[in-house]
Amino acid sequence: MAVNSPRGTSDIFGQDIFYRDFVIDRVRELFKIFNFEEIITPAFEYTEVFSRSIGEATDIVKKEMYTFCDRKGRSLTLRPEGTAAVVRAVIEKKMLDSKSLPLRLFYIGNMFRYERPQKGRMREFWQVGVEALGRKDPLIDAEIIWLLNEIFTRIGFRNLVLNINSMGCGKCREKYTEKLKEYLGEVFNSLCTDCQRRFAENPLRIFDCKIDNCRKIAAKGPKISDFLCGECSDHFMEVRSALTGLSIRYTIADDLVRGFDYYTGTIFEINSKDLESAQNALGGGGRYDNLLSEFGGPDMPAIGFALGLDRTVMLMKELGMQYIPAEKRLKIYILPAAGLDKPYFINILKVLRDAGMTCDIDYGMNSIGAGIKRASKKGFDLALIIGEDEIEKGTVAVKELKSYRQYDLGCKDVVEKIMEITGVK
Ligand code: HAM
């Protein structure tokens, strides 16, 4: 039976795990510094959690959701994103305490979208996201953008572009959509059939069309920035001056709309010039001031972002960047000669692991030479060789795998002796 992983999914192992852990360590460190707490929500929700919030006319809801009925006939969907699920959880578990707002949450999880798989675009992918719920200070917008920017800066990326825009509130959007429709009506026949449908359902979605020509047409039309009301325009100005105050460089992208209906006001995206343009967004987000009330929660504003973990790792690898292990732990490979008394080496394994050293044992036990090669290839620092002689003398032979220096150490104080040799505590 030939079994493959489903199209658009990946098995993550080996070096990729180290890259991923490196990124996760950096983001967790920053979430502590920015005072965000973790939330874990289910990998699937009732379908309406996503369909009502993301928007019925969006590509995600129309074409990309993994939706199925459970055995009782209830419609469930594998999460295509984290925001709607967090909002559902925050309301259901009454987490919004008016005395300590905004509520700052972060999540790390796998998301599912039935997209056409290509480099950097998967059907199952991982996101790291944050949501700050309950306050509408423009400084929070700046803080959130700062955090996303800081993550990529600390990872070591350079060629980044931060695009920002404002979607305005319902009032601004109504006037703008009217004008956009007028304009698109004139060029209707040049739009693809999907966009002709979007024209009727929600013309803003034409900006997310995967066909270049439709996006070009939309970009030539009226700009939302010309329709912002006084309040939205002041808010956006304050966000921009806070970013300038933080020395964060940004570009105003008046054709940026993002593919979700829930956004209001500030939206943003960080792209890498080192990635192909179709999949160059490393992360993005925005304000969604009506979503909590639309879910039946309090009338409170919120803002957040998500970044693509797989894309981040892909870019690190493409740029030949190195991950730096969080801490140096000695990695020791135990090589017992064949036919030896197992409790003897299991005891040594226990002593080393109790001391916090990463240890593994060679169960192949055929040739010491082959075992040493395996240990070097897997990045071990030391090989610990135990033969009949060693057992008789109560010692172990320790080989440094970089220098090939070898030492005979007494079993009793083997941990202290290894630390002395390697200088690692
Ligand atoms: P999004 O822009 O759809 O936003 O996704 C955020 C990031 O996830 C993207 O910039 C990209 O790096 C990664 N990503 C998206 N789709 C894929 C895919 N098919 N394969 C690989 N990576 C992908 C959201 O999901 C919003 N929930 C963000 C947000 C949070 N807005 C407010 N709060």
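Author: First, the classes: Ala, Val, Leu, Ile, Met, Phe, Trp, Tyr, Cys and Pro count as nonpolar, Asp, Glu, Lys and Arg as charged, and the others, Gly among them, as polar. By that scheme, the shell around the ligand holds 11 nonpolar, 9 polar and 7 charged residues. The model is predicted, so local features need pLDDT of at least 70 and side-chain atom pairs pLDDT 80 or more, while totals for chains, interfaces and linings use all residues. Numbering runs from 1 along each chain as its sequence is written, and side-chain values use heavy atoms, without hydrogens or water.

There are 27 residues around the ligand (a heavy atom within 4 Å). E81, E115, M122, E131 and Y263 come nearest. Strands, DSSP E runs of at least two residues numbered from the N terminus, contribute to this shell. β6 (124-133), β10 (281-287) and β11 (302-308) each supply at least two residues. β10 gives the most, with 6 residues.

In E131, a polar side-chain atom sits 2.8 Å from a ligand nitrogen. In Y263, an N or O atom of the side chain is 2.6 Å from a nitrogen atom of the ligand. G283 uses its backbone: an N or O atom there lies 3.3 Å from a ligand oxygen. On its own, the ligand has 660 Å² of accessible area (Shrake-Rupley, 1.4 Å probe). The protein covers 96% of that area.

Next, the helix, α13, residues 368-377 (a DSSP H or I run of at least four residues). Seen down the axis, the buried residues of α13 fall within an arc of 100°, taken from the directions to the C-beta atoms, so they line one face of the helix. An α-helix has 3.6 residues a turn, so residues three or four places apart point the same way. On the other side of α13, K373 and K377 are exposed (over 50%).

After α13 comes G379, with a positive phi near 80°.

Definitions and conventions
A polar contact is a pair of N or O atoms within 3.5 Å; within protein, one must be able to donate a hydrogen and the other to accept it, and residues adjacent in sequence count only if both atoms are side-chain atoms. Buried means under 20% relative accessible area, exposed over 50%, partly exposed in between (1.4 Å probe, protein chains only).
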